[in-house]
Amino acid sequence: MPLPQRVTRVAVGVLLGVVACRANPPGPAPSPSIAQLPSRDVEPIASPTVADTAPPARVVAPPVTTHDDLARAVVSVFGDTTALLADTVIDADADSIAAMDLGSYETHARVAHYVQLFTTSGRDRFAARLSRGSRYEPMIRAKLRASGMPEDLTYLALIESGYDPHAYSRAAAVGMWQFMSSTARGVGLRVDWWLDERRDPVRSTEAAIRFLGLLQKQFGSLYLAAAAYNGGPGRVARGLTRFASEMEGSAGEDRFFALAEHDYLRAETKNYVPQLIAAALVARLPARYGLSIDSTPSLSYDSVHVPAGTSLAVVAAASGASTATMRDLNPAILRGMTPPDAAMWVHVPSGSADLAASELVTLSSDARRGYRTVRVANATTTPTRLAEREGVTLKQLRWYNPSLKTTRKGRVVAGQSVRVPVREVLAFARELPDPSIERYGGESARVLSRSGYHVVRRGETLGGIAKRYRLSVARLQSLNGLRGSRVLIGQTLRVSSAKSTTKAPVKKSRAAKPPQTKKTAARR
């Protein structure tokens, strides 16, 4: 049946958590068309699926945060791109954000092009992604509705990744909403060697909605907000300033299309909104376009709070879950156990939380832990020999000791404690790239600097950057269309008025220490 009809039959609004509007910067750009996703930017990593017989149950509800508190925190981190939002509260009943305007742009040339693409050569791939999304749509729609955002924004996840929690782009963006690591950290998602919450459908959805809400308030247009999600809010803001006179008379959602007429936004960003509109048009009424969408069971789970370093294998045994189910329900846990530095909620199959909790409480800390510790007595062994002695591979040893210290001769430094994973935990570990990888850093940043751009690093200020390049703050603001003095970690600034032959990356990343949050389980 059509997606809207299917969704109305699910109690999607019951205790899924009230989503406050908290910022999340844009993830990397998607590929030019959904039909090309698998062969271009996104390289999905397969993940197992939950048993189709899983009954409805509790889900983790995020902590409730007021928009005013959030806006103040966002301004302190992100600066002038969201400064206008500090005293703004989203009205969930406001007509201006009740629904996306699709009808007015249905006949637009680029929208019609993507409707044609999604229903002809790309129809099978599009339908498969909608089917995969049916697992997450009830959760996404409920959170969009709670935040006062149009439910059609669920299709941003379709455009970004095809609803794949493990999508991994060439730019090292991860998850359904395709966040860079520094971007995710800047809004409170934990991304490190042990945990990558970009892969968590619920946590990443909350982050995307918060940022989209702030962008909508900043630009007064959902389509400009979507463009900023893809191309960066700074670039969109500068474009609106640069072409202000040419865009006189344009209002509301027309402002995006007016801006897109100029040779300023990248082609990918110009096509991003038409793709979103086309995806929503087709997904709202798939039968109209001859598409048959298979539904999958909605995401559901219970949660149990466990100590730091707890093995997923132990939790699986306590809850009666299979390895595949536990891996699927906990995509953010990378090494088969909870981080060794923090207790956290672990997801278990619906209806099994009480059983799991009662079983786990009877176990000793050593029995729950996913590793044992050995102490290196002297610097006479190499990491390879140490791994062989402990019965694991060198790769596996390094998974659990990312900061293993060695001497110049390659010997393990004496006196340090080394974690050795237990055999059972390795079955739950994921062989993934380093979550800290960023595409635009290191040598790329130096090349940009030489070609007239500067990538903002942690601790830098607008004044300091201006001084470095012998510019006044006013001149640097003018070059970048900035209204305030705040800059963002990972943001690319023009530091020379001369045109450069090297294009600056359009993705802007924000980083800050992730806040400590406490999740509670609530029955859906």
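The model is predicted, so to speak of local features we require pLDDT of at least 70, and side-chain atom pairs count only at pLDDT 80 or more, whereas totals for chains, interfaces and linings use all residues. Residues are numbered from 1 along each chain as its sequence is written, and side-chain values use heavy atoms, with hydrogens and water left out.

The protein chain has 22 helices and eight strands; these are DSSP runs numbered from the N terminus, helices being H or I of at least four residues and strands E of at least two. Of its 524 residues, 57% are buried, that is, under 20% relative accessible area with a 1.4 Å probe, protein chains only.

Ser161 lies in helix 6, residues 155–161. Ser161 is buried, at a relative accessible area of 4%.

Turning to the pair, helix 8 (residues 201–219) packs with helix 9 (residues 222–231) at about 125°, their axes 8 Å apart. Axes are lines fitted to C-alpha atoms over the stretch in contact, and angles run from 0 to 180 degrees between N-to-C directions. Helix 8 is therefore oblique to helix 9, since angles under 35 degrees count as roughly parallel, over 145 as roughly antiparallel, 65 to 115 as roughly perpendicular and the rest as oblique.

Which residues of helix 8 meet helix 9? They are Ala208, Phe211, Leu212, Leu215, Gln216 and Phe219, with contact meaning heavy atoms within 4.5 Å.

How values were computed. Buried means under 20% relative accessible area, exposed over 50%, partly exposed in between (1.4 Å probe, protein chains only).
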